Amino acid sequence: RLLIIDFGSQVTQLIARRLRELNVYCEIHPYNRVDEAFLRAFAPKAVIFSGGPASVYWQDAPMPPKGVFELGVPILGICYGQQVMMHCLGGHVEGGHGTAEFGRAFVTPAAERLPLLEGWFEGGTEQVWMSHGDHVSKIAPGFRVYGTSPNAPFAITADPERHFYAVQFHPEVHHTPKGAKLYENFVRLAGFKGDWTMGAYREEAIRKIREQVGDAKVICGLSGGVDSSVAAVLIHEAIGDQLTCVFVDHGLLRLGEAEQVVTMFRDHYNMPLIHADESDLFLGALEGVSDPEVKRKTIGRLFIDVFQKHATEVGGAQFLAQGTLYPDVIESVSFSGGPSVTIKSHHNVGGLPEKMGLKLVEPLRELFKDEVRALGRELGLPQSFIGRHPFPGPGLAIRCPGEITREKLDILRRADAVYIDQIRRHGLYDEIWQAFAAILPMRTVGVMGDGRTYDYALALRAVTSVDGMTADYYPFTHDFLGETATRIINEVKGINRVFYDCTSKPPGTIELE
Ligand code: XMP
């Protein structure tokens, strides 16, 4: 296995991701938790030093553990990792002087070839992504230069005899197109075969859950979404009935959703599951509420109350399981330092663990969405479930702009089911990040048969996206839209007009509220 020593870069997790794409098992450990004894126990086959925001001249500058250079294994230093490596091995690092570099740069090769760079420089220079204030001004003894950029004369340096490699740029980001190739070369040089799989991750995660939890009880808020479902199945596999899931049904779910979730987890997986049907409570509290933020906050508050009530009934739980993913981890840290504007109050159970005195179990914390799906497949969850579009915590409440009524929710559920059925029938479901219907707060006049109608209007939304942060509207054909509108109006009483939302994000958001 490979050890990544984290010096605090914002993109350290991406290094792990690149390595996992190469089927190499790696772990990230913060520099200040790694000492000589740890190194001996971990016995890494190779080490990577991440980048980081520090300067080697800071008083308590983060340093690699003693003995790491004597392990006799390949080491790759990235950005701050390069600087700290040079600093430790007898080189020199300088700050400022207008040599800070942020963004795209082009690296030119030196005459001597380096196996780490196999596949590089086929077209002359190579684009890389730089992000550094300090820079190396003198390389350490034994090192030679293998690539330079206009502002980084030591863009790529190495001591090939000892297998120490150090680069100034970030090979893990997409803006370094050949970065993945560099990692591939590095792990090959270190002797990895690339035979680590999601199956191995599952084993390792189960071992860690058992170790963390012991014989304590765990509760898990199951939403029916992919993340909490995969987390629940994994934890259940690790500790069996020590886990109890609480499924809070706020009455704002899609057609048949509650039954599907309960059937799958209770009957198929045989998990202890509390189905908290609290729709009266939620819909009662939302009566007459039309402001989006008030809706979100009301639902968030009640959700926590209800969850807490049922969790307390289970009794004696010491852990709360959450399907936190790596993107949730990065998004929750403010790197800007300043307050950012709240566009929407996201629904989560953030404050709950402290309030209830619970510790967290977050077995998906290091995974990206597509890796969670792969793990779900590994655990035998059906593809129809794993591939489902994201569904927001506040549910249909935010797809019903204005006041929510049971009548509107009922119409919306049926219309949404027809729309999704259309998308599936046309084989488009997996091309789309998220598709849903929203019922608009207006009635319009129509004519059906020989009669006048005065019914609700429906908006259809479908977007493509990689992470939900930005999105494009999906370009359905006119035929598809026409057929879908006709089906919805024919099949769903209460709708007499259908719109398609062609707004991207930004300026729109994905949900309507
Ligand atoms: P927006 O509407 O902000 O949505 O463009 C981006 C993504 O986040 C989902 N979403 C939520 N997910 N709790 C969630 O768990 C929420 O409160 C929430 N609000 C929006 C939305 O469905 C989309 O995938």
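Ser228 is buried, as 21 other C-beta atoms lie within 10 Å. In this predicted model, Ser228 is found in helix H6. When residues up to four places away in sequence are not counted, Ser228 touches Cys220, Gly221, Leu222, Ser223 and Gly323. According to an unreviewed UniProt entry, the annotation "binding site" covers Ser223, Gly224, Gly225, Val226, Asp227, Ser228 and Ser229.

Gly225, which this annotation also covers, is found in the loop between strand E12 (217-221) and helix H6 (226-239). Gly225 has 17 C-beta neighbours inside 10 Å and therefore counts as partly exposed, whereas Ser228 is buried. Pro390 and Phe391 are touched by Gly225, again not counting residues up to four places away in sequence.

## The annotated active site

The feature "active site" is placed by UniProt, in an unreviewed entry, at Cys79, His170 and Glu172. These positions are spread over 94 residues of sequence, yet they cluster in space, with a largest C-alpha distance of 11.2 Å.

His170 is found in the loop between E11 and H4, and Glu172 has its place in the loop between E11 and H4 as well. Are these positions buried or exposed? His170 is buried, because 24 other C-beta atoms lie within 10 Å. Glu172 has 25 C-beta neighbours inside 10 Å and so counts as buried. The cut-off behind both assignments is 20 or more other C-beta atoms within 10 Å.

Leaving aside neighbours within four places in sequence, His170 is in contact with Val11, Gly51, Ile78, Cys79, Trp129, Ser131 and Thr176. One of these contacts, Cys79, is itself part of the "active site" feature in the UniProt entry. With neighbours within four places in sequence likewise left aside, Glu172 is in contact with Val11, Leu14, Ile15, Arg18 and Gly179.

Helix H4 comprises residues 179-189, and within it Gly179, Leu182, Tyr183, Glu184, Phe186 and Val187 are buried. What covers the buried residues of H4? The covering elements include helix H1 (12-21), strand E3 (46-49), strand E4 (75-78) and strand E11 (164-167). Just after H4, Gly191 takes a positive phi of about 90°.

Pro115 lies in the loop between strand E6 (101-109) and strand E7 (126-132). Pro115 is partly exposed, with 13 other C-beta atoms within 10 Å. Its contacts, leaving aside neighbours within four places in sequence, are Asn185 and Leu189. By contrast, Pro115 and Phe436 are 50 Å apart in space, C-alpha to C-alpha, and 321 residues apart in sequence.

## Packing of H5 against H12

Helix H5 (residues 198-213) packs with helix H12 (residues 369-378) at an angle of about 85°, and the two axes are 9 Å apart. H5 and H12 are therefore roughly perpendicular to each other. Which residues make the contact? H5 contributes Met198, Gly199, Tyr201 and Arg202, while H12 contributes Ala374, Leu375 and Glu378. By class, the residues of this contact divide into 4 nonpolar, 1 polar and 2 charged.

## Domains and overall architecture

The chain is divided into domain 1 (2-189), domain 2 (198-386) and domain 3 (405-500). Between domain 1 and domain 2, the C-alpha centres lie 37 Å apart. How many residues of domain 1 are in contact with domain 2? There are 5 residues of domain 1 in contact with 5 residues of domain 2. The side of domain 1 that touches domain 2 has 2 nonpolar, 2 polar and 1 charged residues.

Across the chain there are 15 helices and 20 strands. Taken along the principal axes, the C-alpha atoms of the chain fill a box of roughly 90 × 55 × 40 Å. Of the 513 residues in the chain, 39% are buried. Where contacts in the chain are between residues at least 6 apart in sequence, 75% of them join residues at least 24 apart.

Definitions and conventions:
Residues are numbered from 1 along each chain as its sequence is written. This is a predicted model: local features need pLDDT of at least 70, side-chain atom pairs count only at pLDDT 80 or more; totals for chains, interfaces and linings use all residues. Axes are lines fitted to C-alpha atoms, for helices over the stretch in contact, and angles run from 0 to 180 degrees between N-to-C directions. Helices (H or I, at least four residues) and strands (E, at least two) are DSSP runs, numbered from the N terminus. Angles under 35 degrees count as roughly parallel, over 145 as roughly antiparallel, 65 to 115 as roughly perpendicular and the rest as oblique. Two residues are in contact if their C-beta atoms, placed from the backbone, lie within 7 Å. Ala, Val, Leu, Ile, Met, Phe, Trp, Tyr, Cys and Pro count as nonpolar, Asp, Glu, Lys and Arg as charged, and the others, Gly among them, as polar. Domain bounds come from an automatic or database domain assignment. UniProt positions are given in the numbering used here, feature names are shortened, and annotations may be inferred rather than shown by experiment. A residue is buried if 20 or more other C-beta atoms lie within 10 Å of its own, exposed if 12 or fewer, and partly exposed in between; C-beta atoms are placed from the backbone.
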